[in-house]
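Student: I'm new to this one. Can you walk me through it?

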Amino acid sequence: MEALRAKVAQLLKEKAISGFLGLKLEHGHPSPFLFTGEEGLDLLVVSDTRFPLTKLLQRLTSKYPEEKFGVMVRGCDERSLIELHKDNQVNLEHLVTVGVACSQELAQRCGCKVPYPSQFEVGEPATGVEGGGELESIEGMAEDERFNFWMEQFGKCIKCYGCRNSCPLCYCSECTLEDSFLVPPGETPPKAPIFHLIRAFHTVGRCIDCGLCEEACPVGIPLRTIYKKLGQVVSELFGYSPGKEVEGRSPLSFLGEKPFKEQG
Amino acid sequence: MRVLAHARGSITKTVIQKGQNQFNPIIIGFLCTWCSYAGADQAGVSRREYPPNILPIRVMCSGRISPHHILKAFQMGADGVLVAGCHLGECHYIRGNYMTAKRIPVVKELLSFMGLSPQRLGLTWVSASEGDRFAAVVREFTEQIRELGPSPLRGVS
Amino acid sequence: MNYRTVLTTCVYCGCGCGLYLEVLDDELVGTLPCKTHPINEGGLCIKGWSAHEFVTSEKRLRRPLVKKDGHFVEVDWGEAMGRAAAGLGKIKEERGPQSLALLSSAKCTNEENFLLMKFARGVLGTNNIDHCARLCHASTVAGLAQAFGSGAMTNSTPEIEEADCILVTGSNTTEAHPLIASRILRAKEKGAKLIVVDPRGIQLSSYADIHVRQRLGTDVAWINGVMNIIISEGWHDKDFIERRTEGFEELEKKVKEHTPERAEQITGISQVDLRRIAETYAKAERASIIYAMGITQHTTGTDNVLSLCNLALLTGNVGKRGSGVNPLRGQNNVQGACDMGCLPNLLSGYQSIASDELRGKFEVEWGVKLPKEPGLTVVEMMEAAAGGRIKGMFILGENPLLSDPDINHVREALQRLDLLVVLDIFLTETAELADVVLPGVSFAEKDGTFTATDRRVQRVRKAIEPLGEARPDWQIICELAQAMGGEGFQYKSPEEVFGEIARLTPIYAGITYPRIEERGVQWPCRSEEDPGTEFMHEKEFSRGLGKFTAVDFREPAELADEDYPLMLTTGRSAFQFHTGSLSRKSPSLRRELDEAYLEMNPLDAGELGVPEGEAVKVSSREG
């Protein structure tokens, strides 16, 4: 924690950044905050509570495109920044990331394969969690059983849009989930499965598997397993893993020069 | 999108018109205007028979077919969706169908994971001169859907 | 450049979810759920996610308004306050304090409700103060108080998932209390049995082990029927009845008359289903009843509540973790508005105004004499206004024109007043009838506390400065009180008001701002050492013994007949809230649902030739 504070203090002092987006411990709860001066840095904390910081960052960068910002990143945050950079939503050159390695406990809770960013100031790299427990059990179901499983899960949906609202990669100003032809408005649960499948398809080749969607879901729909599954598919078909490298583009974001099978 | 709304009417109508004994699937066909739709035309002109279960929707390019359209068709109770475009390398828009070729396998996997048979979604390439092929593909696909039976999403929406 | 998040409590329903208002350069830009909050644990419903949207609506009142020649004119605060104070004072002087009435607001903070109560009783000298709880859960307060001695949810929201049987009736929980519904679903996933008794199929009913539909307004009958079965099968908790209750003999006698056959006949629920409900509920270790307006908004509302209490007492399903009788309160602070004594017969903390001792305590603290006779309820006020007995009204953040029964009657009543003062943040339908409109502020612009449905007192924190010339409601009430010569209204902050609340209100006595800084405290909390109360009536009921009340079934006051052949019941949508004063200013919510709609049985619709989506005109005996 001290290392993080010192690093941020230095960045601010050197004017390398105009503000640092991190977590502030206030009223006993950690919450996002933009630190703009050395004062108040004693409230900057590292915690196992996760917020879509890189999503919130976009508010700042779009209002202040010329400013440089610092941001606290975990492994997942860093992956999301890479995808956002490719989508021209943030400019990595205008960002200074300060890495935090997640605790083993958090890594376990998130089922995270890579619970640390490429470089980090705080923490020890935890062991990545392999295997996707729930995903495998769903895959193991018979087709009709799986259909019923999902319809029951989707039937719980209260259409809060929390999955979309928490997703660091959901930045559109017009959202297909709000297309009244595809999803009739004002219904709970929203039309299933289309509501969830539209969102699922929008994550293809982009989802960096942070799991914030599932954390935000009040009714516990295992959304992440769908996106995880599609992630595997994209990786197998196109050899692309979102958030890994700044080079390369998501396979569904361009037409392609050749039929896909010969790619990657 | 309006076309789909129209298709909904046709779907209902077809269900009513069809006989009771045999399962008559409802299939939405998204056909690109340059090749596949022309191929369907060719099948008609050369009097090639194929099952009337397919409701063709003409689009400018198979690449225009977003997964949304496919998902919407299934949500509305379609038993099968067939997407047809130009052969790879022959796209009127040069590379539009490469996108189709990339998307459809992913949609299939998504359907499968949702417990909807991926065989309900077909992808084929038919050129303007392949009337025979179009008829054969539709025959085969219709049989395939018939065997799968009604979509579990029928009656859901 | 600044960006911060301010922890506060959601302003919509009574769940009491914790959320952050995002403030960028001193402007509200978004809402985030609090991840570590005991109620919502990082989730929110769509209303919560868009809680910031209405705050900065263009339609917000930014300056005081005074009606001149039938039109509103923007004036300065001095003039508006002057007119309100002079008007109220004149009526008090000429017609007596009993010709004044006040409506308080379940949307406002505890502090504001307390101040309005103090203003009504201590400055105006009337007990004519009430609020919209009269129309939703007044029967709960009455019924639960009679049975258990305390009119609030017996358990806390997080406990719901620890129940092993949940009986939901008259609550469309996923729509009206989404973050409580999530606990019900979680309980179900942990293996709890879910019973839904609702005339309609609701989202929860697809997850229910037993879902039955009673004929509208026959709740007492099905509950009596279920109790009949429980007693005749010997599934009741004899030990609990013996040790902790009174009045069982009368109940038993009454319930004997309500055979399952009779219950089936009245309610339309089959005897088989009644038996399943009886067995499932009675045999559960920790059964919880969850209800809302479907139970209370009847002419027999109190009977319905008493019946549910009977059922819980009969089976010993109360006073345990996860098990009890749980009314879900509608408004963010309707629990608080009741707690603060914005009721015609009760002071804060449900202390009777008629009691010389209790009233005396307030008189000493405030240095004034308080009226002793109970005042008028909302409904009686409107009646009295229409009859010319009430001449002046002060309405704080309520929209009775839409929320009270019979809009025409309410409009007539309000129009007959000599003076109507409305303090609100929007020019509501009610405010349009006012002579003076005072612009208050939203939850995002002030400090204070809300009390959630599970008696949890939580902080509300100021995120942005008041819009325009609007002022925090608590300040406005204090200024008005002072303008009318009221003393003891010089508070520096809501915290100071809260201190007074705690001094005068035993169930809040141990609660302070520092104690609820991180997490709320649930009342009763009688001292600084008292950790608060997660679930009530553990060792003994608030009134000592739990009291059975034998209840007879009565038909609803209005039944279908030849002239009015259909029954209409009201429902909730997750996308709008109450009269829409707030939610209809929110683009995200309007996009989902912008107008009320009516559902009809397809058979009725077919007979009437009404296709899906058709506009219909609904008329009742009232208009």
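This is a predicted model: local features need pLDDT of at least 70, side-chain atom pairs count only at pLDDT 80 or more; totals for chains, interfaces and linings use all residues.

Student: Cavities, then. How many cavities of 30 Å³ or more are found in the whole structure?

Tutor: The search finds eight.

Student: What volume does the largest cavity have?

Tutor: About 140 Å³.

Student: Which residues lie nearest its centre?

Tutor: Cys167(A), Arg199(A), Cys207(A), Ile208(A) and Cys210(A). They belong to a lining of 18 residues.

Student: Which elements give two or more residues to that lining?

Tutor: Three helices of chain A do: α8 (194-202), α9 (212-216) and α10 (223-238).

Student: What classes of residue make up the lining?

Tutor: Ten are nonpolar, four are polar and four are charged.

Student: New topic. How many salt bridges does the structure hold over all chains?

Tutor: It holds 64. Glu215(A) and Lys35(C) form one of them, with their closest N and O atoms 2.8 Å apart.

Student: Where do those two residues sit?

Tutor: The pair crosses between chains. Glu215(A) is in helix α9 of chain A. Lys35(C) is in the loop between β3 (27-33) and α1 (46-49) of chain C.

Student: Is Lys35(C) buried or exposed?

Tutor: Lys35(C) counts as buried because its relative accessibility is 17%, and the cut-off for buried is under 20%. Glu215(A) is at 27%, so it counts as partly exposed.

Student: And chain B? Which residue does Arg48(B) form a salt bridge with?

Tutor: Asp132(B). The closest N and O atoms are 2.1 Å apart.

Student: What does that pair tie together?

Tutor: Parts of chain B that are 84 residues apart in sequence. Arg48(B) lies in the loop between α2 (36-45) and β2 (54-59), while Asp132(B) lies in helix α5 (residues 131-148).

Student: How accessible are they? Start with Arg48(B).

Tutor: Arg48(B) has 39% relative accessibility, so it counts as partly exposed. Asp132(B), at 44%, also counts as partly exposed.

Student: Back to chain C. What about Arg456(C) and Asp454(C): buried or exposed?

Tutor: Both are buried. Arg456(C) and Asp454(C) form a salt bridge, and their closest N and O atoms are 2.8 Å apart.

Student: Which residues do shared partners join into one network?

Tutor: Lys159(A), Arg164(A), Glu178(A), Arg591(C) and Glu592(C). The links between them are salt bridges.

Student: Cysteines now. How many disulfides over all chains?

Tutor: The count comes to one. Cys35(B) and Cys86(B) form a disulfide, with their sulfur atoms 2.3 Å apart.

Student: Is that link right-handed or left-handed?

Tutor: Right-handed, with 95 degrees about the S-S bond.

Student: Which parts of the chain does it link?

Tutor: Distant ones, 51 residues apart. Cys35(B) is in the loop between β1 (27-32) and α2 of chain B. Cys86(B) is in the loop between β3 (80-85) and α4 (96-113) of chain B. Both Cys35(B) and Cys86(B) are buried.

Student: What about Cys163(A)? Where is its nearest cysteine sulfur?

Tutor: That sulfur belongs to Cys160(A), 6.4 Å away. Cys163(A) is in no disulfide, because a disulfide needs two cysteine sulfur atoms within 2.5 Å. Cys163(A) is buried, with a relative accessible area of 8%.

Student: And Cys338(C)? Which cysteine has the sulfur nearest to it?

Tutor: Cys136(C), at 7.3 Å. Cys338(C) is in no disulfide either. At 1% relative accessibility, Cys338(C) counts as buried.

Notes: Residues are numbered from 1 along each chain as its sequence is written. Chains are lettered from A and ligands numbered from 1 in the order in which they are written. Side-chain values use heavy atoms; hydrogens and water are left out. On a 1 Å grid over the protein atoms alone, a cavity is a set of points where a 1.4 Å probe fits but cannot get out, and a pocket is an open set with protein on both sides within 12 Å along at least five of seven lines; lining residues have an atom within 4 Å of a point. Grid points are joined across faces, edges and corners, and a volume is the space filled by probe spheres set on the points. Helices (H or I, at least four residues) and strands (E, at least two) are DSSP runs, numbered from the N terminus. Ala, Val, Leu, Ile, Met, Phe, Trp, Tyr, Cys and Pro count as nonpolar, Asp, Glu, Lys and Arg as charged, and the others, Gly among them, as polar. A salt bridge is a side-chain nitrogen of Lys or Arg within 4 Å of a carboxyl oxygen of Asp or Glu. Buried means under 20% relative accessible area, exposed over 50%, partly exposed in between (1.4 Å probe, protein chains only).
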